Amino acid sequence: MSLSFLNIKNNEKTTNLGWLIVVTITISLVMVFISLYIFFKSSAYDTVIQIRSANQKLAEDDLQGYDTKSPVQSTDLQNHANSIQPRIKQFNDQEDFSLELVDPTQLGL
Amino acid sequence: MKYVMLLVLLLLVIATPAIAQQKISPLERLQTLYNQQQTTYTPEKLADVSIRCPESQKKLLVLQRQNNLFVQKRISVYGDLQKEMKALELRLAKQGADASELDLLIGKQQVALEAFQDSQKNYDILISDLRSINCAENPGFFLAGISEIYKQQQKLKEAANAVFVILYDSPKTTFYPLSERLRI
């Protein structure tokens, strides 16, 4: 049995190290390509694009009419905080999306 | 041989999303649900559903409209709040203040709002499917869809509640601490 940098020999077979490296790199490249392809085709990528575009839109167009320049005072944050709960308390998720609404008997079945 | 197998595998990976993206009809979607649920209905039950389902489809239309209204109202209010937060974040950034909590809150709200809209979309597609098929001829598929609506409603309720909780807790988690820090 003999051993060299590029060739590992035994009694039966000879394996070329350079060839092994080429195959490994090729398989890695194929796997990277497949992963990228799956990612770009996935809903995760769509979501990234959607969030990015939504943020851009929010920052550029939709904030027209909102003050985006004057310095924020502590009271501004408190006023905003105090306004949140009264505005969202009108929503009753338990009632509006009640499971009873989709009960088969409610739907006439 | 190995290369051929690798090539086939690669082609499968590429072809699968393309095949999945093909348009599916409402009947096919409900049939898929029916097959997944593997529920067997008695002939009497199916005959009863065939008679009653046209009335049920009318009720589904009312439910769909009502649901869309609830969702639109929420998206409008939550969207306004998000814009106000974004404006505050921009103002804080311009004065050099650290607004990382607010940035995190906007991100969390955005993700929750997207999930809520996705749930609504799935729910809406399901109701549209149920309304569009000839239910008298396909009572089994119709029942499978009705059974699925229950799950979709649960998901929608949870998604709506997730946005609500983020916003409801936001004064305590974000705004009051930020306000205190700004005062100092």
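Guide: A disulfide is a pair of cysteine sulfur atoms within 2.5 Å. This is a predicted model, in which local features need pLDDT of at least 70 and side-chain atom pairs count only at pLDDT 80 or more, while totals for chains, interfaces and linings use all residues. Residues are numbered from 1 along each chain as its sequence is written, and side-chain values use heavy atoms, leaving out hydrogens and water.

Visitor: What makes B:Cys53 and B:Cys135 a disulfide?

Guide: Their sulfur atoms are 2.0 Å apart, and the cut-off is within 2.5 Å, so the pair counts.

Visitor: Why is the disulfide of B:Cys53 and B:Cys135 called right-handed?

Guide: The torsion about its S-S bond is about 85°, so the disulfide is right-handed.

Visitor: Why is B:Cys135 called buried?

Guide: Buried means under 20% relative accessible area, exposed over 50%, and partly exposed in between (1.4 Å probe, protein chains only). B:Cys135 has 2%, so B:Cys135 is buried.

Visitor: Why does B:Tyr168 count as partly exposed?

Guide: The relative accessibility of B:Tyr168 is 28%, which lies between 20% and 50%, so the residue is partly exposed.

Visitor: What makes B:Phe164 and B:Tyr168 a stacked pair?

Guide: Rings of Phe, Tyr and Trp (its six-membered ring) pair if their centres lie within 6.5 Å; planes under 30 degrees apart are stacked, over 60 edge-to-face, and the rest tilted. Here the centres are 5.6 Å apart and the planes 15° apart, so the pair is stacked.

Visitor: Why is the pair of A:Phe97 and B:Phe116 called edge-to-face?

Guide: The centres lie 6.3 Å apart, within 6.5 Å, and the angle of 70° is over 60, so the pair is edge-to-face.

Methods. Chains lettered and ligands numbered in written order.
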